[in-house]
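Here is a short briefing on one protein model. Look at the fold first, then go through the points by topic.

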Amino acid sequence: MNISFHGADRDVTGSCHLLEAKGKRILIDCGMYQGGRELDEENAEDFGFDPASIDTLLLTHAHLDHCGRIPLLVKRGFNGEIITTAATRELARVVMLDSAHLQEEEAERDARYAHRRGREPRQALYGTLDALNALDQFGRTAVYGQPIELGPNLGATFHDAGHILGSASIRIEEGDGKRRSVIFSGDLGNSGRPILRDPQIPPQADAVVMETTYGDRLHKQITPSVEELYEAITETLRRGGNVIIPTFALERAQEILYYLRDGVETGHLARNLPVFLDSPMAISATEIFRRHPECYDAEACALFEHGRDPFALPGLRFTRETADSIALNRLAGGAVIMAGSGMCTGGRVRHHLRHNLWRKDSSVIFVGYAAPGTLARILIDGAQRIKLFGDEIPVRARLHTINGFSAHADRDELLAWHGALKPARTILVHGDEKAMRSFAERLHDTEVSMPDKGDEISL
Ligand code: ZN
(Lines give C-alpha, C1' and ligand atoms only; values in the text may rest on other atoms or scores of the structure.)
Protein backbone atom coordinates (compact mmCIF):
# COMPACT_ATOMS: atom_id res chain seq x y z
CA MET A 1 0.00 0.00 0.00
CA ASN A 2 1.16 3.48 -0.92
CA ILE A 3 -0.49 6.78 -0.02
CA SER A 4 0.32 10.11 -1.59
CA PHE A 5 -1.02 13.45 -0.41
CA HIS A 6 -2.60 16.08 -2.64
CA GLY A 7 -4.40 18.50 -0.32
CA ALA A 8 -5.17 19.29 3.36
CA ASP A 9 -1.49 18.67 4.13
CA ARG A 10 -0.51 20.89 7.05
CA ASP A 11 -3.66 22.74 6.06
CA VAL A 12 -7.38 22.36 6.73
CA THR A 13 -8.82 22.54 3.24
CA GLY A 14 -8.48 20.77 -0.11
CA SER A 15 -8.59 17.17 1.23
CA CYS A 16 -7.32 14.73 -1.39
CA HIS A 17 -5.38 11.52 -0.75
CA LEU A 18 -4.40 8.84 -3.23
CA LEU A 19 -4.10 5.21 -2.13
CA GLU A 20 -2.46 2.64 -4.38
CA ALA A 21 -3.14 -0.95 -3.46
CA LYS A 22 -3.52 -4.24 -5.34
CA GLY A 23 -2.96 -2.45 -8.66
CA LYS A 24 -5.85 -0.04 -8.04
CA ARG A 25 -5.67 3.70 -7.63
CA ILE A 26 -8.22 4.90 -5.09
CA LEU A 27 -8.77 8.57 -4.35
CA ILE A 28 -10.15 9.55 -0.96
CA ASP A 29 -11.93 12.92 -1.28
CA CYS A 30 -11.20 15.67 -3.77
CA GLY A 31 -11.93 18.89 -1.97
CA MET A 32 -11.60 22.56 -2.68
CA TYR A 33 -8.97 24.80 -1.12
CA GLN A 34 -10.84 27.59 0.66
CA GLY A 35 -9.89 30.86 2.26
CA GLY A 36 -8.51 33.71 0.22
CA ARG A 37 -8.16 34.71 -3.36
CA GLU A 38 -4.65 33.30 -3.67
CA LEU A 39 -6.10 29.86 -3.09
CA ASP A 40 -8.12 30.11 -6.30
CA GLU A 41 -4.92 29.42 -8.16
CA GLU A 42 -4.09 26.44 -6.00
CA ASN A 43 -7.44 24.89 -6.95
CA ALA A 44 -6.63 25.23 -10.64
CA GLU A 45 -3.18 23.65 -10.29
CA ASP A 46 -2.32 20.20 -11.50
CA PHE A 47 -3.66 17.51 -9.16
CA GLY A 48 -0.28 15.86 -8.86
CA PHE A 49 -1.59 12.68 -10.56
CA ASP A 50 -3.40 11.87 -13.77
CA PRO A 51 -7.18 12.02 -13.08
CA ALA A 52 -7.78 9.46 -15.85
CA SER A 53 -5.62 6.95 -13.97
CA ILE A 54 -7.91 6.87 -10.90
CA ASP A 55 -10.15 3.80 -10.63
CA THR A 56 -12.43 4.84 -7.77
CA LEU A 57 -13.16 7.91 -5.69
CA LEU A 58 -14.38 7.37 -2.13
CA LEU A 59 -16.04 10.45 -0.65
CA THR A 60 -16.08 10.86 3.15
CA HIS A 61 -18.65 13.68 3.30
CA ALA A 62 -20.25 16.54 1.40
CA HIS A 63 -18.40 19.58 2.71
CA LEU A 64 -16.91 21.67 -0.10
CA ASP A 65 -13.37 21.18 1.18
CA HIS A 66 -13.84 17.43 0.62
CA CYS A 67 -15.94 17.28 -2.58
CA GLY A 68 -15.38 20.67 -4.24
CA ARG A 69 -12.81 19.63 -6.85
CA ILE A 70 -14.67 16.51 -8.02
CA PRO A 71 -16.22 18.30 -11.04
CA LEU A 72 -12.73 19.50 -11.98
CA LEU A 73 -11.39 15.97 -11.63
CA VAL A 74 -14.09 14.77 -14.04
CA LYS A 75 -13.44 17.68 -16.41
CA ARG A 76 -9.77 16.61 -16.50
CA GLY A 77 -10.47 13.01 -17.35
CA PHE A 78 -11.52 11.02 -14.27
CA ASN A 79 -13.95 8.41 -15.48
CA GLY A 80 -14.20 6.01 -12.55
CA GLU A 81 -16.87 5.25 -10.00
CA ILE A 82 -17.62 7.59 -7.09
CA ILE A 83 -18.77 5.77 -3.97
CA THR A 84 -20.33 7.38 -0.91
CA THR A 85 -23.34 7.10 1.43
CA ALA A 86 -26.86 7.93 0.21
CA ALA A 87 -27.06 11.10 2.30
CA THR A 88 -23.64 12.37 1.19
CA ARG A 89 -24.56 11.77 -2.42
CA GLU A 90 -27.63 14.00 -2.11
CA LEU A 91 -25.83 16.70 -0.16
CA ALA A 92 -22.81 16.63 -2.51
CA ARG A 93 -25.17 17.21 -5.41
CA VAL A 94 -26.38 20.46 -3.83
CA VAL A 95 -22.87 21.53 -2.82
CA MET A 96 -21.21 20.83 -6.18
CA LEU A 97 -24.00 22.47 -8.21
CA ASP A 98 -23.91 25.53 -5.96
CA SER A 99 -20.14 25.71 -6.29
CA ALA A 100 -20.32 25.42 -10.10
CA HIS A 101 -22.89 28.21 -10.14
CA LEU A 102 -20.66 30.46 -8.01
CA GLN A 103 -17.66 29.71 -10.24
CA GLU A 104 -19.64 30.67 -13.33
CA GLU A 105 -20.93 33.85 -11.73
CA GLU A 106 -17.47 34.90 -10.63
CA ALA A 107 -15.98 34.20 -14.05
CA GLU A 108 -18.70 36.34 -15.64
CA ARG A 109 -17.97 39.18 -13.24
CA ASP A 110 -14.24 38.87 -13.86
CA ALA A 111 -14.79 38.91 -17.61
CA ARG A 112 -16.44 42.35 -17.32
CA TYR A 113 -13.51 43.76 -15.31
CA ALA A 114 -10.93 42.09 -17.54
CA HIS A 115 -12.54 43.53 -20.64
CA ARG A 116 -12.31 47.08 -19.23
CA ARG A 117 -8.70 46.60 -18.20
CA GLY A 118 -7.67 44.85 -21.39
CA ARG A 119 -6.49 41.64 -19.72
CA GLU A 120 -7.46 38.01 -20.23
CA PRO A 121 -10.45 36.98 -18.11
CA ARG A 122 -10.07 34.23 -15.51
CA GLN A 123 -11.72 30.95 -16.45
CA ALA A 124 -14.26 29.27 -14.19
CA LEU A 125 -12.68 26.27 -12.47
CA TYR A 126 -15.62 24.26 -13.74
CA GLY A 127 -19.22 24.79 -14.72
CA THR A 128 -22.65 23.32 -14.10
CA LEU A 129 -22.18 20.80 -16.88
CA ASP A 130 -19.01 19.44 -15.23
CA ALA A 131 -20.87 19.11 -11.93
CA LEU A 132 -23.70 17.26 -13.68
CA ASN A 133 -21.18 14.95 -15.37
CA ALA A 134 -19.63 14.27 -11.98
CA LEU A 135 -23.04 13.36 -10.58
CA ASP A 136 -23.40 10.75 -13.33
CA GLN A 137 -20.33 9.01 -11.97
CA PHE A 138 -21.78 8.34 -8.54
CA GLY A 139 -22.22 4.57 -8.54
CA ARG A 140 -22.72 2.15 -5.65
CA THR A 141 -24.10 3.49 -2.38
CA ALA A 142 -22.13 2.79 0.78
CA VAL A 143 -24.03 1.59 3.85
CA TYR A 144 -22.32 2.02 7.23
CA GLY A 145 -20.58 -1.19 8.29
CA GLN A 146 -21.05 -3.05 4.99
CA PRO A 147 -17.90 -3.79 2.95
CA ILE A 148 -17.73 -2.73 -0.69
CA GLU A 149 -15.40 -4.48 -3.12
CA LEU A 150 -12.95 -2.22 -4.94
CA GLY A 151 -11.06 -5.00 -6.73
CA PRO A 152 -9.72 -8.51 -6.11
CA ASN A 153 -8.65 -8.69 -2.44
CA LEU A 154 -9.38 -5.03 -1.91
CA GLY A 155 -12.37 -3.63 -0.04
CA ALA A 156 -13.62 -0.51 1.73
CA THR A 157 -16.08 -0.08 4.60
CA PHE A 158 -17.71 3.21 5.59
CA HIS A 159 -18.23 3.92 9.30
CA ASP A 160 -20.32 6.75 10.75
CA ALA A 161 -18.03 9.71 11.50
CA GLY A 162 -20.79 11.74 13.24
CA HIS A 163 -19.61 14.98 11.60
CA ILE A 164 -22.39 15.95 9.19
CA LEU A 165 -25.27 13.96 7.73
CA GLY A 166 -23.90 10.93 5.84
CA SER A 167 -20.29 11.52 6.90
CA ALA A 168 -17.93 8.57 7.15
CA SER A 169 -14.54 7.33 8.15
CA ILE A 170 -13.38 4.81 5.56
CA ARG A 171 -11.45 1.67 6.35
CA ILE A 172 -9.67 0.06 3.41
CA GLU A 173 -8.31 -3.45 3.62
CA GLU A 174 -6.20 -5.46 1.21
CA GLY A 175 -5.56 -9.06 1.83
CA ASP A 176 -4.74 -12.47 0.58
CA GLY A 177 -2.64 -14.08 3.22
CA LYS A 178 -1.06 -11.05 4.84
CA ARG A 179 -3.75 -8.47 5.46
CA ARG A 180 -3.05 -4.78 5.56
CA SER A 181 -5.45 -1.99 6.42
CA VAL A 182 -5.71 1.77 6.70
CA ILE A 183 -8.43 4.07 8.02
CA PHE A 184 -9.08 7.53 6.65
CA SER A 185 -10.85 9.36 9.47
CA GLY A 186 -12.57 11.95 7.26
CA ASP A 187 -13.75 14.76 9.52
CA LEU A 188 -14.74 13.41 12.93
CA GLY A 189 -17.79 14.76 14.73
CA ASN A 190 -18.23 16.31 18.11
CA SER A 191 -19.85 13.80 20.50
CA GLY A 192 -23.11 14.50 22.26
CA ARG A 193 -24.53 16.88 19.69
CA PRO A 194 -28.15 16.63 18.55
CA ILE A 195 -29.45 14.94 15.39
CA LEU A 196 -26.37 12.85 14.56
CA ARG A 197 -24.87 9.84 16.27
CA ASP A 198 -21.46 10.11 17.92
CA PRO A 199 -18.49 9.03 15.76
CA GLN A 200 -18.12 5.26 15.55
CA ILE A 201 -14.79 3.53 16.09
CA PRO A 202 -13.98 1.37 13.04
CA PRO A 203 -12.25 -2.00 13.53
CA GLN A 204 -8.52 -1.69 14.24
CA ALA A 205 -6.13 -0.97 11.36
CA ASP A 206 -2.36 -0.86 10.74
CA ALA A 207 -2.42 2.85 9.92
CA VAL A 208 -4.73 5.82 10.27
CA VAL A 209 -4.80 9.02 8.25
CA MET A 210 -6.55 11.41 10.59
CA GLU A 211 -7.81 14.96 10.76
CA THR A 212 -6.47 17.36 13.39
CA THR A 213 -8.62 20.47 12.91
CA TYR A 214 -8.98 20.95 16.68
CA GLY A 215 -5.91 18.93 17.61
CA ASP A 216 -4.83 21.60 20.10
CA ARG A 217 -8.16 22.83 21.50
CA LEU A 218 -11.06 21.83 23.69
CA HIS A 219 -14.64 22.85 22.93
CA LYS A 220 -16.91 24.73 25.27
CA GLN A 221 -19.90 22.84 26.63
CA ILE A 222 -22.97 22.88 24.42
CA THR A 223 -25.64 23.59 27.09
CA PRO A 224 -24.40 27.08 28.05
CA SER A 225 -24.07 27.89 24.35
CA VAL A 226 -27.69 26.99 23.69
CA GLU A 227 -28.79 29.08 26.69
CA GLU A 228 -26.73 31.99 25.35
CA LEU A 229 -28.49 31.62 22.00
CA TYR A 230 -31.96 31.70 23.61
CA GLU A 231 -31.03 34.69 25.75
CA ALA A 232 -29.59 36.69 22.87
CA ILE A 233 -32.73 36.09 20.81
CA THR A 234 -35.15 36.91 23.63
CA GLU A 235 -33.26 40.09 24.54
CA THR A 236 -33.16 41.35 20.94
CA LEU A 237 -36.83 40.75 20.38
CA ARG A 238 -37.61 42.58 23.63
CA ARG A 239 -35.67 45.58 22.28
CA GLY A 240 -37.72 45.40 19.07
CA GLY A 241 -34.86 44.51 16.71
CA ASN A 242 -34.11 41.60 14.40
CA VAL A 243 -31.71 38.74 15.00
CA ILE A 244 -29.38 37.89 12.13
CA ILE A 245 -27.65 34.52 12.27
CA PRO A 246 -25.01 34.02 9.53
CA THR A 247 -25.46 30.35 8.80
CA PHE A 248 -23.50 27.51 7.25
CA ALA A 249 -26.00 25.67 5.03
CA LEU A 250 -24.96 22.13 5.94
CA GLU A 251 -25.42 20.89 9.46
CA ARG A 252 -25.15 24.17 11.40
CA ALA A 253 -28.41 25.52 9.92
CA GLN A 254 -30.23 22.29 10.81
CA GLU A 255 -28.65 22.17 14.26
CA ILE A 256 -29.77 25.74 15.01
CA LEU A 257 -33.29 24.92 13.74
CA TYR A 258 -33.28 21.88 16.01
CA TYR A 259 -32.39 24.03 19.04
CA LEU A 260 -34.91 26.75 18.10
CA ARG A 261 -37.64 24.10 17.91
CA ASP A 262 -36.54 22.71 21.24
CA GLY A 263 -36.48 26.22 22.72
CA VAL A 264 -40.04 26.87 21.58
CA GLU A 265 -41.24 23.49 22.89
CA THR A 266 -39.61 23.96 26.28
CA GLY A 267 -40.85 27.53 26.66
CA HIS A 268 -37.43 29.19 26.40
CA LEU A 269 -38.53 30.97 23.25
CA ALA A 270 -41.85 32.55 22.27
CA ARG A 271 -44.34 30.07 20.82
CA ASN A 272 -44.75 31.91 17.54
CA LEU A 273 -41.17 33.10 17.17
CA PRO A 274 -40.87 34.14 13.50
CA VAL A 275 -37.84 32.41 11.99
CA PHE A 276 -36.80 32.81 8.36
CA LEU A 277 -34.42 30.36 6.78
CA ASP A 278 -33.22 32.61 3.97
CA SER A 279 -30.82 30.33 2.11
CA PRO A 280 -31.82 28.15 -0.83
CA MET A 281 -28.92 25.82 -0.11
CA ALA A 282 -29.80 25.45 3.58
CA ILE A 283 -33.43 24.84 2.62
CA SER A 284 -32.38 22.05 0.21
CA ALA A 285 -30.06 20.61 2.84
CA THR A 286 -32.85 20.64 5.44
CA GLU A 287 -35.11 18.75 3.03
CA ILE A 288 -32.33 16.18 2.54
CA PHE A 289 -31.93 15.84 6.31
CA ARG A 290 -35.63 15.01 6.55
CA ARG A 291 -35.18 12.22 4.02
CA HIS A 292 -32.42 10.50 6.00
CA PRO A 293 -33.64 9.57 9.48
CA GLU A 294 -31.39 6.48 9.20
CA CYS A 295 -28.53 8.86 10.05
CA TYR A 296 -30.16 10.28 13.19
CA ASP A 297 -29.26 9.58 16.80
CA ALA A 298 -31.80 8.00 19.17
CA GLU A 299 -33.31 11.32 20.28
CA ALA A 300 -33.91 12.69 16.78
CA CYS A 301 -35.16 9.25 15.69
CA ALA A 302 -37.72 9.22 18.50
CA LEU A 303 -39.05 12.61 17.37
CA PHE A 304 -39.25 11.39 13.81
CA GLU A 305 -40.98 8.14 14.74
CA HIS A 306 -43.63 10.06 16.63
CA GLY A 307 -44.38 11.88 13.40
CA ARG A 308 -42.62 15.04 14.50
CA ASP A 309 -40.22 16.99 12.37
CA PRO A 310 -36.99 17.75 14.27
CA PHE A 311 -36.49 20.90 12.17
CA ALA A 312 -40.00 22.43 12.19
CA LEU A 313 -41.30 25.16 14.44
CA PRO A 314 -44.62 26.99 14.14
CA GLY A 315 -43.15 30.32 13.03
CA LEU A 316 -40.63 28.95 10.52
CA ARG A 317 -40.72 30.22 6.95
CA PHE A 318 -38.46 29.18 4.08
CA THR A 319 -37.56 31.97 1.67
CA ARG A 320 -36.20 30.36 -1.46
CA GLU A 321 -37.05 33.12 -3.92
CA THR A 322 -34.97 36.30 -4.14
CA ALA A 323 -38.10 38.49 -3.99
CA ASP A 324 -39.11 36.90 -0.66
CA SER A 325 -35.60 37.46 0.66
CA ILE A 326 -35.71 41.14 -0.33
CA ALA A 327 -39.10 41.47 1.39
CA LEU A 328 -37.38 40.57 4.68
CA ASN A 329 -35.53 43.90 4.48
CA ARG A 330 -38.82 45.60 5.33
CA LEU A 331 -39.21 43.72 8.62
CA ALA A 332 -39.12 46.41 11.31
CA GLY A 333 -38.25 43.92 14.03
CA GLY A 334 -39.15 40.77 15.91
CA ALA A 335 -37.69 38.23 13.48
CA VAL A 336 -34.87 35.71 13.48
CA ILE A 337 -33.22 35.59 10.05
CA MET A 338 -30.82 32.78 9.24
CA ALA A 339 -28.90 33.38 6.02
CA GLY A 340 -25.64 32.38 4.36
CA SER A 341 -22.81 32.54 4.01
CA GLY A 342 -21.62 31.60 7.46
CA MET A 343 -18.54 33.82 7.28
CA CYS A 344 -20.47 36.64 5.53
CA THR A 345 -18.15 36.46 2.51
CA GLY A 346 -21.13 36.47 0.15
CA GLY A 347 -24.76 35.53 -0.09
CA ARG A 348 -27.96 36.97 1.31
CA VAL A 349 -26.67 37.58 4.82
CA ARG A 350 -24.78 40.64 3.55
CA HIS A 351 -28.09 42.30 2.63
CA HIS A 352 -29.49 41.58 6.08
CA LEU A 353 -26.36 42.98 7.68
CA ARG A 354 -26.71 46.13 5.60
CA HIS A 355 -30.25 46.60 6.92
CA ASN A 356 -29.56 45.69 10.54
CA LEU A 357 -25.94 46.35 11.52
CA TRP A 358 -26.54 50.10 12.01
CA ARG A 359 -29.54 49.42 14.28
CA LYS A 360 -28.88 49.46 18.03
CA ASP A 361 -31.89 47.24 18.70
CA SER A 362 -30.82 44.43 16.30
CA SER A 363 -28.21 41.77 16.90
CA VAL A 364 -25.97 39.44 14.96
CA ILE A 365 -25.21 36.01 16.39
CA PHE A 366 -22.15 34.17 15.08
CA VAL A 367 -22.42 30.43 15.61
CA GLY A 368 -19.48 29.13 13.59
CA TYR A 369 -15.87 29.45 12.62
CA ALA A 370 -14.78 32.77 11.07
CA ALA A 371 -11.55 32.64 9.09
CA PRO A 372 -9.16 35.61 9.21
CA GLY A 373 -9.96 38.25 6.61
CA THR A 374 -13.66 37.39 6.31
CA LEU A 375 -16.37 39.95 7.13
CA ALA A 376 -17.51 37.76 10.02
CA ARG A 377 -14.01 37.88 11.52
CA ILE A 378 -13.74 41.65 10.98
CA LEU A 379 -17.02 42.17 12.85
CA ILE A 380 -16.11 39.75 15.65
CA ASP A 381 -12.80 41.58 16.06
CA GLY A 382 -14.73 44.75 16.81
CA ALA A 383 -14.82 46.91 13.66
CA GLN A 384 -16.73 50.18 14.26
CA ARG A 385 -17.67 50.68 10.63
CA ILE A 386 -17.64 48.39 7.63
CA LYS A 387 -18.18 48.78 3.92
CA LEU A 388 -20.99 46.84 2.27
CA PHE A 389 -22.22 47.29 -1.30
CA GLY A 390 -20.24 50.54 -1.51
CA ASP A 391 -21.91 52.02 1.60
CA GLU A 392 -20.17 52.72 4.85
CA ILE A 393 -22.19 51.21 7.67
CA PRO A 394 -21.68 51.93 11.36
CA VAL A 395 -21.76 48.84 13.55
CA ARG A 396 -24.30 49.54 16.29
CA ALA A 397 -26.06 46.19 16.53
CA ARG A 398 -25.16 43.91 19.41
CA LEU A 399 -22.79 41.13 18.36
CA HIS A 400 -22.70 37.71 19.99
CA THR A 401 -20.15 35.01 19.30
CA ILE A 402 -21.25 31.62 20.55
CA ASN A 403 -18.46 29.09 20.38
CA GLY A 404 -20.01 25.87 21.63
CA PHE A 405 -21.40 24.71 18.27
CA SER A 406 -18.82 22.69 16.42
CA ALA A 407 -19.12 19.84 13.96
CA HIS A 408 -15.56 18.73 14.74
CA ALA A 409 -14.17 16.54 17.49
CA ASP A 410 -11.95 18.46 19.90
CA ARG A 411 -8.48 17.41 21.07
CA ASP A 412 -9.66 14.96 23.72
CA GLU A 413 -12.22 13.38 21.40
CA LEU A 414 -9.56 12.95 18.69
CA LEU A 415 -7.22 11.40 21.25
CA ALA A 416 -9.94 9.00 22.44
CA TRP A 417 -10.69 7.96 18.85
CA HIS A 418 -7.02 7.38 18.15
CA GLY A 419 -6.49 5.63 21.49
CA ALA A 420 -9.26 3.13 20.73
CA LEU A 421 -7.61 2.20 17.43
CA LYS A 422 -3.97 2.01 18.56
CA PRO A 423 -2.54 2.07 15.02
CA ALA A 424 1.15 1.35 14.44
CA ARG A 425 1.30 4.33 12.07
CA THR A 426 -0.46 7.65 12.32
CA ILE A 427 -0.53 10.14 9.49
CA LEU A 428 -1.82 13.57 10.42
CA VAL A 429 -3.67 15.74 7.89
CA HIS A 430 -6.40 18.40 7.83
CA GLY A 431 -5.09 20.74 10.50
CA ASP A 432 -2.85 23.75 10.70
CA GLU A 433 0.71 22.98 11.55
CA LYS A 434 0.50 24.26 15.13
CA ALA A 435 -2.54 22.09 15.95
CA MET A 436 -0.90 19.11 14.28
CA ARG A 437 2.39 19.39 16.17
CA SER A 438 0.68 19.86 19.50
CA PHE A 439 -1.52 16.81 18.80
CA ALA A 440 1.47 14.72 17.67
CA GLU A 441 3.19 15.35 21.01
CA ARG A 442 0.32 13.62 22.80
CA LEU A 443 0.49 10.44 20.73
CA HIS A 444 2.50 7.50 22.03
CA ASP A 445 3.48 4.06 20.72
CA THR A 446 2.82 4.98 17.13
CA GLU A 447 4.98 6.29 14.29
CA VAL A 448 3.68 9.76 13.44
CA SER A 449 4.02 11.51 10.05
CA MET A 450 2.88 14.94 8.90
CA PRO A 451 3.18 14.77 5.12
CA ASP A 452 3.60 17.77 2.87
CA LYS A 453 1.77 18.11 -0.41
CA GLY A 454 3.18 15.63 -2.92
CA ASP A 455 4.76 13.35 -0.29
CA GLU A 456 4.34 9.62 -0.55
CA ILE A 457 4.22 7.11 2.28
CA SER A 458 4.61 3.40 1.86
CA LEU A 459 2.82 1.20 4.40
ZN1 ZN B 1 -16.24 18.61 7.10
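Buried means under 20% relative accessible area, exposed means over 50%, and partly exposed lies in between, with a 1.4 Å probe and protein chains only. Helices (H or I, at least four residues) and strands (E, at least two) are DSSP runs, numbered from the N terminus. This is a predicted model, in which local features need pLDDT of at least 70 and side-chain atom pairs count only at pLDDT 80 or more, while totals for chains, interfaces and linings use all residues. Residues are numbered from 1 along each chain as its sequence is written, and side-chain values use heavy atoms, with hydrogens and water left out.

**Helix α8**

- Helix α8 covers residues 280–290, and its buried residues are Ala282, Ile283, Ser284, Ala285, Thr286, Ile288 and Phe289.
- These buried residues pack against α4 (86–117), α7 (252–265), β13 (275–278) and β14 (316–318). Contact means heavy atoms within 4.5 Å.
- An α-helix has 3.6 residues a turn, so residues three or four places apart point the same way.

**Zinc site**

- The zinc ion has His61 (NE2), His63 (ND1), His163 (NE2) and Asp187 (OD) as its protein donors, at 2.2 to 2.3 Å. Donors are N, O and S atoms within 2.8 Å of the metal (3.2 Å for Na, K and Ca); water is not among the atoms, so sites may look incomplete.
- Along the chain, the donor spacing reads H-x1-H-x99-H-x23-D.
- Histidine 163 sits in the loop between β8 (154–160) and β9 (168–176), and aspartate 187 in the loop between β10 (178–184) and β11 (207–211), so this pair ties together parts that are 24 residues apart in sequence.
- Both histidine 163 and aspartate 187 are buried.
- The arrangement is irregular because the four donor atoms subtend angles of 91 to 164 degrees around the zinc ion. Four donors count as tetrahedral if all angles lie between 85 and 135 degrees; four count as square planar and six as octahedral if opposite donors are over 155 degrees apart and all others between 65 and 115; anything else is irregular.

**Domains**

- Domain 1 spans 2–217 + 407–458, and domain 2 spans 222–405. The bounds come from an automatic or database domain assignment.
- The C-alpha centres of domain 1 and domain 2 are 28 Å apart.
- Domain 1 gives 19 residues to the contact, and domain 2 gives 21 residues.

**Seven-stranded sheet**

- This open sheet has seven strands in the order β6-β5-β4-β3-β2-β1-β22, with mixed pairing. Two strands pair if DSSP finds at least two bridges between them.
- β6 (138–142) and β22 (456–458) are at the edges with a single partner strand each, so one side of each is left without a neighbour in the sheet.
- From one strand to the next, the twist averages 25 degrees. Axes are lines fitted to C-alpha atoms, for helices over the stretch in contact, and angles run from 0 to 180 degrees between N-to-C directions.
- Strand β5 (residues 81–85) runs parallel to β6, and three bridges join them.
- Threonine 84 is opposite threonine 141 in β6.

**Six-stranded sheet**

- A second open sheet has six strands in the order β14-β13-β15-β12-β16-β19, with parallel pairing.
- β14 and β19 (398–401) are at its edges, each with a single partner strand, so one side of each is left without a neighbour in the sheet.
- Strand β12 (residues 243–246) is joined to the parallel β15 by four bridges. Valine 243 is opposite valine 336 in β15.
- Helix α6 (residues 222–239) lies across β12, β15, β16 (363–366) and β19, at about 170 degrees to β16.
- Helix α11 lies across β12, β13, β15 and β16, at about 150 degrees to β12.

**Backbone details**

- Most residues other than glycine have a negative phi, and most peptide bonds are trans.
- The peptide bond from glycine 340 to serine 341 is cis, with omega near 5 degrees. Serine 341 is in the loop between β15 (336–339) and α11 (349–356).
- Asparagine 153 has a positive phi, near 60 degrees. At 39% relative accessibility, asparagine 153 is partly exposed.
- Lysine 422 also has a positive phi, near 45 degrees. Lysine 422 is exposed, with a relative accessible area of 64%.
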